Amino acid sequence: MAVATHCPYCALQCGITLDAGTTPVGLSGRNFETNGGALCRKGYSAAQLLEHPERLHSPLERGADGVLHPVSWERALDLVVHQVRAVQQAHGKDAVAVFGSGSLTNEKAYQLGKFARLALGTSRIDYNGRFCMSSAAAAGNKAFGLDRGLPFPLADLDRAGTILLLGSNVADTMPPFVRHLESARENGGLIVSDPRRSATAELADTHVQPAPGTDLQLLLGLAHVLLAEDLADTEYLDARTWGLESLRISLASWWPERVQSLTGVPASVIRQTARTLASAAQAARSGGKPVYILTGRGVEQHANGTATVSAAINLALLLGLPGTLAGGFGTITGQGNGQGGREHGQKADQLPGYRKITDPAARRHVAGVWGVDPDIIPGPGIPAAQLLATLGEPGGARMLLMHGSNPVISSPNANRTAAALRRLDYLVVSDFFLSETAAQADLVLPVLQWAEEEGTMTNLEGRVLRRRAALAPPPGVRSELWLLAELAARLQAPTVFNADPREVFAELGRASAGGIADYSGVDYTSLDAGAAVYWPCPAGTPISTAPGERSGTPRLFLERFAHPDGRARLEPVYPQPAAVDDADLRPGTISLVTGRLLEHYQSGTQTRRVAELQQAAPAALAQIHPDTALARGISDGQEVVLENSHGRVEATACLDAGIRLDTVFLPFHFPETQNANLLTGDAVDPDSSMPEFKHAPVLLSRLERHE
Ligand SMILES: Nc1nc2c(c(=O)[nH]1)N[C@H]1C(S)=C(S)[C@@H](COP(=O)(O)OP(=O)(O)OC[C@H]3O[C@@H](n4cnc5c(=O)[nH]c(N)nc54)[C@H](O)[C@@H]3O)O[C@H]1N2
Ligand SMILES: Nc1nc2c(c(=O)[nH]1)N[C@H]1C(S)=C(S)[C@@H](COP(=O)(O)OP(=O)(O)OC[C@H]3O[C@@H](n4cnc5c(=O)[nH]c(N)nc54)[C@H](O)[C@@H]3O)O[C@H]1N2
Ligand code: SF4
Ligand SMILES: [Mo]
């Protein structure tokens with residue numbers, strides 16, 4: 001029987017039809033608003049992982065021989081409970097930590113947060129979205145009082161005349177997204193900022209190539225020109241924002257020639273771009289084509305990531321765009337449930353509904369839904385990079401439960417993470433494959449994949465979608481909701497944990513009611529009947545199931561921003577000098593930028609197991625400018641070494657004149673000696689705790705083999 005569901009991978013959540021009646025399971029693109037029926041190679045091949053021979057079918061316990069052996073679920077659950085008790089008795093509640101994921105359904109993300117706080121009584125929970133959306137979230141919260149990646153339906157871009165896309169390579173990371181850039185392209189208005197000529201930059205009418213980590217200065221320069229040339233929308237600024245005067249002061253010294261010297265983007269291009277944006281915005285206000293500013297990880301995954309997104313939002317506000325039909329600002333969420341995953345309590349400082357864990361009223365409300373005393377809910381924990389770095393150290397956690405991340409590959413300074421995981425007393429990893437992190441675990445728990453479970457995901461537009469089961473659970477494999485419910489009961493949690501996704505969603509709705517991300521008006525029945533629902537959607541909101549109609553809040557901020565006074569905040573930002581280890585200030589150092597290839601997803605646990613994807617991109621290629629290579633005696637296809645004070649990576653040179661001379665690019669999908677995160681450091685953004693993934697000083701040389 002054909003089942004309508006969505007792709008397991010990224011936040012575009014393309015529509016998919018699964019047919020379990022065929023062998024192998026049939027998978028095809030389904031006409032859905034974000035993808036128009038198209039899928040990328042990852043989506044098309046996703047069903048191959050359902051019946052993959054390396055799929056885990058039994059819990060695995062590390063024996064005295066150091067090897068992982070199959071054990072029964074009974075034993076596995078007992079082991080977890082025994083270890084939790086032993087570790088917490090010896091070292092306190094916070095000695096057990098939980099790490100979640102933007103891949104989890106809303107139901108699992110919610111349940112994991114509740115499990116950490118109530119069943120374990122620990123404050124130590126955070127998730128891999130910290131590595132993904134945190135800078136955009138921090139800046140969105142400051143400016144608008146609310147963080148929803150796109151505060152408008154993606155289809156709104158289909159009318160755009162101008163799009164400024166900063167640090168996003170959707171042509172590789174979300175190929176069907178490109179259709180939503182077509183209108184701007186036809187208008188000659190697609191402007192892309194990327195230090196390399198990415199597949200997306202290739203599509204642009206204007207490609208600016210700032211030095212890695214300098215988009216902040218570029219954006220300050222653009223905003224400076226708007227104010228210096230009187231091009232800002234003062235009527236909008238007066239009516240809908242606060243802070244113009246302090247913003248003006250902060251921008252005074254960012255004249256284009258100074259910005260050129262820091263970014264490498266010519267002053268003339270900065271002036272021209274600012275004027276183009278201003279005239280397009282002015283035209284849009286009088287009924288012309290809308291103007292959008294969008295950010296991706298390229299500008300967010302820096303120690304100045306939050307400041308950079310704030311600068312991009314300031315630019316959009318100066319142009320009078322957010323909260324109008326003349327355009328807007330948005331950030332392109334990454335993981336499948338990167339949006340919902342950041343709303344329901346996986347974050348160290350958060351309770352469901354995007355509530356603050358430090359807010360007494362929020363604690364009372366959520367405790368009421370959970371049927372517990374608010375005082376037993378722990379306070380805020382610590383962010384992901386810090387949580388990982390301190391494992392096994394005094395004050396750090398000694399036991400870790402991992403759900404949906406593979407930090408041996410994907411966390412910054414991977415050598416440090418691997419050492420931290422080794423210091424743990426006990427590591428439990430839930431996954432469907434033996435990821436590099438699972439391979440280090442004391443206990444591995446096999447869980448269901450997307451096509452075997454029911455649930456909801458919230459896509460990059462804030463639209464709540466149904467993930468549907470097309471296949472029965474394989475033998476030996478359990479759902480994570482079942483797992484958490486069983487463990488909670490055995491740990492004598494002070495409240496009930498339901499294992500039925502529909503029930504959990506209804507509870508999540510109640511817990512989120514009155515919060516920023518209010519889901520209380522959403523239910524499975526209306527989603528199943530085809531309703532397009534965007535949060536916030538408080539209980540009682542009329543829901544339409546008519547095709548083409550939208551319910552909830554498809555467009556945020558049209559009347560007011562989410563701050564109590566309804567106004568957006570202009571946030572003055574002052575660039576801070578980059579923190580670089582002295583050891584890395586050597587002559588000949590260039591900037592390592594990391595990111596994604598079309599064929600692979602994240603740490604590669606899934607896509608490196610799909611033969612056609614693995615064959616298409618089997619190993620790490622280092623993208624290097626031919627002149628940079630020539631100066632180091634490197635030719636195309638040769639083995640190279642990249643090194644710095646954190647580690648050393650081997651890769652194959654791929655010469656490409658589209659990348660800056662001072663920059664080298666590596667994908668982060670590969671393990672062992674090809675793991676790009678061996679080179680990323682410990683710096684994090686002061687507001688969001690986002691690691692500096694996109695900028696690391698490295699020395700590049702030819703690999704000399706001494707056999
Ligand atoms: N194929 C594939 N698709 C994916 C994923 C995947 O792993 N593989 N992951 C999903 C997830 S979780 C995410 S978060 C998204 C990420 O999607 P994107 O943000 O599009 O992906 P990245 O490749 O991380 O970075 C985008 C671009 O930023 C550029 N960049 C690096 N440093 C800078 C800089 O300082 N300034 C500017 N302007 N640009 C810079 C890089 O050269 C790169 O082309 O993709 C989602 N889709
Ligand atoms: N150098 C560098 N590093 C980066 C980035 C970068 O651009 N450069 N990007 C960062 C970003 S944006 C992200 S999002 C992270 C992502 O990196 P990770 O957090 O490692 O994410 P995945 O590779 O998706 O890992 C998910 C793991 O969970 C499993 N999994 C998937 N779904 C489920 C589920 O429902 N339940 C359970 N229990 N397991 C599941 C998968 O099999 C896989 O092993 O990487 C970050 N790291
Ligand atoms: S673009 Fe994203 S959601 Fe769509 S098929 Fe590819 S991985 Fe799946
Ligand atoms: Mo991400």
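**Legends for a predicted protein model**

**View 1. The surface of the protein.**

**View 2. The overall size of the fold.** Picture a box of roughly 70 × 70 × 55 Å, laid along the principal axes: the C-alpha atoms of the protein fill it. How does the radius of gyration fit with a compact globule? A compact globule of 707 residues would come out near 27 Å, and the protein has 24 Å, which agrees.

**View 3. Helices, strands and contacts.** If you trace the chain, you'll pass through 23 helices and 29 strands. Now take the contacts between residues at least 6 apart in sequence: 73% of them join residues at least 24 apart.

**View 4. The charged side chains.** There are 61 positive and 74 negative side chains in the protein. Where do the centres of the two sets lie? They sit 2 Å apart.

**View 5. The domains, piece by piece.** The domain assignment gives domain 1 as 2-49, domain 3 as 134-332, domain 4 as 517-561 and domain 5 as 582-702. Domain 2 is put together from 60-132, 337-447 and 479-514.

**View 6. Where domain 2 meets domain 5.** Between the C-alpha centres of domain 2 and domain 5 you'd count 31 Å. How many residues does each domain bring to the contact? Domain 2 gives 21 residues, and domain 5 gives 22.

Notes: Residues numbered from 1 in each chain as written. Chains lettered and ligands numbered in written order. Predicted model: local features only at pLDDT ≥ 70, side-chain atom pairs only at ≥ 80, totals over all residues. Heavy atoms only, no water. Helix = DSSP H or I, 4+ residues; strand = E, 2+ residues; numbered from the N terminus. Rg over C-alpha atoms; globule rule 2.2 N^0.38 Å. Contact = heavy atoms within 4.5 Å. Lys, Arg positive; Asp, Glu negative; His and termini not counted. Charge placed at Lys NZ, Arg CZ, Asp CG, Glu CD. Domains from an automatic or database assignment.
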